Amino acid sequence: MVIRVYIASSSGSTAIKKQQQDVLGFLEANKIKFEEKDIAANEENRKWMRENVPEESRPVSGNPLPPRIFNDSRYLGDYEAFFEARENNAVYAFLGLTAPPGSKEAEALAKQQA
């Protein structure tokens, strides 16, 4: 399983840049392995991301904007979905990964199962 984060290295939007930094920074800080896929520098990445964001997750008009998060080819969500998972201490579940022992998420799961 590979977490893939689709970003735009040359986005004119400060909001998109901040969201991308937020997602990538969280993954790096938590030592979660991921691949960064730049849609601004690579047409194949852009095409793949646009084709693989499910219809119900697309904007009403225009194309899906980064950051978009996938586990292999399974679409996980956009920044809002990631942020919500982080707020609920459920990022590992969101990413389809097992929470490491001692993490807030693992402790919350242990409490639920007790």
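Buried means under 20% relative accessible area, exposed means over 50%, and partly exposed is in between, with a 1.4 Å probe and protein chains only. By that rule Asp72 is partly exposed, because its relative accessible area is 30%.

A word on the source. This is a predicted model, in which local features need pLDDT of at least 70 and side-chain atom pairs count only at pLDDT 80 or more, while totals for chains, interfaces and linings use all residues. Residues are numbered from 1 along each chain as its sequence is written, and side-chain values use heavy atoms, with hydrogens and water left out.

I will stay with Asp72 for a moment. Asp72 lies in the loop between β3 and β4, where β4 covers 74-78. Helices here are DSSP runs of H or I with at least four residues, strands are runs of E with at least two, and both are numbered from the N terminus. Phi of Asp72 is near 55°, a positive value in a residue other than glycine. Lys31 also has phi near 55°, again positive and again not in a glycine. Lys31 sits in the loop between α1 (14-29) and β2 (34-38). Is Lys31 buried or exposed? With 74% relative accessibility, Lys31 counts as exposed.

Next, the aromatic rings. A pair of aromatic rings is described by the distance of the centres and the angle of the planes. Rings of Phe, Tyr and Trp (its six-membered ring) pair if their centres lie within 6.5 Å; planes under 30 degrees apart count as stacked, over 60 as edge-to-face, and the rest as tilted. How many aromatic pairs does a search of the whole structure find? The search finds seven. One of them is Tyr6 with Trp48: the ring centres are 5.4 Å apart and the planes are at 10°, so this pair is stacked. The pair links distant parts of the chain, with Tyr6 in strand β1 (residues 3-7) and Trp48 in helix α2 (residues 43-52), 42 residues apart. Tyr6 is buried, at a relative accessible area of 3%, whereas Trp48 is partly exposed, at 26%.

Another pair is Phe82 with Phe94, which is edge-to-face because the planes are at 65°, with centres 6.4 Å apart. Phe82 is in helix α3 (residues 79-87) and Phe94 in helix α4 (residues 91-95), so to speak of distant parts of the chain here is to speak of twelve residues. Both Phe82 and Phe94 are buried. There is also one aromatic cluster formed by Tyr6, Trp48, Phe70 and Tyr75.

Now the loop between α2 and β3 (68-71), which is the place of Arg58. Arg58 is partly exposed, with a relative accessible area of 26%. Contact means heavy atoms within 4.5 Å. Leaving aside neighbours within four places in sequence, Arg58 is in contact with Arg50, Glu51, Asn52, Val53 and Pro64. A polar contact is a pair of N or O atoms within 3.5 Å; within protein, one must be able to donate a hydrogen and the other to accept it, and residues adjacent in sequence count only if both atoms are side-chain atoms. The Arg58 side chain reaches the backbone oxygen of Val53 at 3.0 Å.

Pro67 lies in the loop between α2 and β3 as well. The peptide bond from Pro66 to Pro67 is cis, with omega near -5°.

Last, Ser103, found in the loop between α4 and α5 (104-113). Ser103 counts as buried, at 16% relative accessibility. A polar atom of the Ser103 side chain lies 2.9 Å from the backbone oxygen of Pro100.
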